Amino acid sequence: MPILRAVDPAYCGTVIEEIGAEPVVENTPAFDEMLQNLEYARDLVRGGRHLERLKVGAFDVADLYRAAWVQAVSALDHWIHRELYDRASAFALQESDKRPEKFLRIPVSMEVLEKVVQDPTGVEPVFRAHLRAVFGHQSFQQHEKIREAFSYVTDASLWPGVATRLGGGTTSVEVKKQLAEVAKRRNRIAHEADRDHEADGRRTPITDVEVMDVIDWLQEVAAAILAVIGPPPLAPSTAGGQAKPKWSRQDIDEVVAKIADTPVGVAARSLLAHADANNALFKGGGGVQPAAGLYYWLDGKRRSLWQLYLWERPVMSVNLNGLWTWDRDLAFHVLGVLRAESVLDAALRLPDEELVRKYPEFGLAELGGAPEALETVLRALDLAIKWGGPDEGR
């Protein structure tokens with residue numbers, strides 16, 4: 001299946017540099033998560049290529065390419081859900097009257113209204129849960145469903161704007177047709193074992209190049225969508241009702257304090273205490289949900305060592321990619337420490353050669369419930385600090 005236009009795989013940065021002549025657009029946390037999920041799809045393709053070179057005959061290697069196709073479409077679908085929940089929740093917290101017209105028509109039950117009246121401070125979690133109940137069962141893979149989802153959080157004309165940003169004379173009709181074909185193939189793989197009933201029920205051939213093109217194209221379409229809908233609304237801060245561009249350390253501490261006695265809270269407090277003890281620099285993330293990066297002195301420079309995400313599934317991620325860029329031996333040593341603990345090893349599903357160039361995540365609930373796993377993560381961080389030598393620059 002021909003792809004309208006594919007991007008360079010190096011496009012997986014943390015910032016969308018440029019779409020056509022449009023200005024730079026900063027990624028949202030939901031978009032960053034989608035990039036990771038698309039990279040998982042690429043890993044499946046790479047794994048299939050490796051097995052093909054080994055001439056493995058125990059199973060059809062092409063099934064890995066089919067799985068990657070399904071994973072890529074699911075990554076787009078999940079991103080749209082998250083983007084919808086994050087943006088709609090932020091609009092619900094705003095006192096601004098500049099909300100999209102259709103946002104005001106999201107159905108809300110009396111039960112939800114009563115919960116908010118009883119506890120006005122709980123608007124965000126109550127409304128987010130309501131959004132999941134309303135939209136969670138829907139699939140955002142077809143162009144009309146995607147347009148409808150984003151219509152609740154933006155008044156922008158979606159597909160014409162996406163076509164313009166894709167450039168090359170691409171039309172919205174072509175984009176929608178291509179997206180429909182990608183979704184159709186995904187459904188045939190998932191529900192009909194990729195059998196074409198118009199061709200005597202034979203399985204449709206699939207290649208690694210074809211799937212990689214689809215993954216890259218879906219990423220480019222998502223980036224164009226993000227450029228069209230623009231940055232998310234800023235949720236008001238807890239103090240003064242002003243827009244909060246970044247999460248401060250005080251903000252994060254307040255969030256953690258509310259869950260201090262839970263496994264998530266235990267893990268978050270231990271990790272933040274480690275950062276404080278080592279004079280790490282705290283950089284709060286943007287967006288609706290709490291997030292931050294921690295930068296340690298390593299070899300006389302501030303380097304990103306780990307990130308904290310207090311989202312729906314709170315996690316911390318270790319910046320192995322940053323360590324690998326600085327010192328490849330260090331990245332493998334840190335990964336070796338993590339591998340030695342069973343809970344952590346279970347979360348590290350890729351080969352070491354790939355993991356050292358990624359940002360492996362560990363659930364805070366799992367870390368807080370497994371003291372040995374949490375202690376191992378801290379030891380891995382200590383190894384990086386020790387490897388970095390004296391505390392130059394402090």
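1. Is Ala193 buried, partly exposed or exposed? At 37% relative accessibility, Ala193 counts as partly exposed; buried means under 20% relative accessible area, exposed over 50%, and partly exposed in between, with a 1.4 Å probe and protein chains only. Ala193 sits in the loop between helix 7 and strand 3 (195-196). Its phi is near 55°, a positive value in a residue other than glycine. Helices (H or I, at least four residues) and strands (E, at least two) are DSSP runs, numbered from the N terminus.

2. Basis of the note. This is a predicted model, in which local features need pLDDT of at least 70 and side-chain atom pairs count only at pLDDT 80 or more, while totals for chains, interfaces and linings use all residues. Residues are numbered from 1 along each chain as its sequence is written, and side-chain values use heavy atoms, with hydrogens and water left out.

3. Confidence. The protein chain averages a pLDDT of 85, and 86% of the residues score at least 70; pLDDT is the predictor's confidence in each residue, from 0 to 100. Over residues 4-24 the pLDDT is below 50, and this stretch has 44 contacts in the model beyond near neighbours in sequence. A contact means heavy atoms within 4.5 Å. For residues 237-243 the pLDDT also stays under 50, and the model has nine contacts for them beyond four places in sequence.

4. Overall make-up. The protein chain has 16 helices and nine strands. Of its 394 residues, 47% count as buried. Among contacts between residues at least 6 apart in sequence, 66% join residues at least 24 apart.

5. Helix 6 against helix 7. Two packed helices are described by the angle between their axes and the distance between the axes. Here the axes of helix 6 (residues 158-166) and helix 7 (residues 172-192) come within 8 Å and cross at roughly 95°. Helix 6 contributes Trp159, Pro160, Val162, Ala163 and Leu166 to the contact, and helix 7 contributes Ser172, Val175, Lys176 and Leu179. These residues divide into seven nonpolar, one polar and one charged. On the terms: axes are lines fitted to C-alpha atoms, for helices over the stretch in contact, and angles run from 0 to 180 degrees between N-to-C directions. Ala, Val, Leu, Ile, Met, Phe, Trp, Tyr, Cys and Pro count as nonpolar, Asp, Glu, Lys and Arg as charged, and the others, Gly among them, as polar.

6. Helix 5. In helix 5 (residues 143-151), the residues Ile146, Ala149, Phe150 and Ser151 are buried. The buried residues of helix 5 pack against helix 2, helix 6, helix 7 and helix 8 (208-229).

7. Tyr85. This residue is in helix 2 (residues 62-93). Tyr85 counts as buried because its relative accessibility is 3%. Leaving aside residues up to four places away in sequence, Tyr85 touches Arg128, Leu131, Arg132, Phe135, Gly136 and Glu312. Of these, Arg128 is 43 residues from Tyr85 along the chain, with 6.1 Å between the two C-alpha atoms. A polar atom of the Tyr85 side chain lies 3.5 Å from the backbone nitrogen of Gly136.

8. Met34. Helix 1 (residues 29-53) holds Met34, which is buried, with a relative accessible area of 1%. Apart from residues up to four places away in sequence, Met34 touches Ala75, Leu76, Trp79 and Ala222. The C-alpha atoms of Met34 and Gln219 are separated by 8.5 Å, although the two residues are 185 residues apart along the chain.

9. Tyr295 lies in strand 6 and is partly exposed, with a relative accessible area of 23%. Not counting residues up to four places away in sequence, Tyr295 touches Ala280, Leu281, Lys283, Arg302, Arg303 and Ser304. Its C-alpha atom is 5.8 Å from that of Leu305, ten residues away along the chain. Asp299 is found in the loop between strand 6 (291-298) and strand 7 (301-309). Asp299 counts as partly exposed, at 40% relative accessibility. The phi of Asp299 is near 55°, a positive value in a residue other than glycine.

How values were computed. A polar contact is a pair of N or O atoms within 3.5 Å; within protein, one must be able to donate a hydrogen and the other to accept it, and residues adjacent in sequence count only if both atoms are side-chain atoms.
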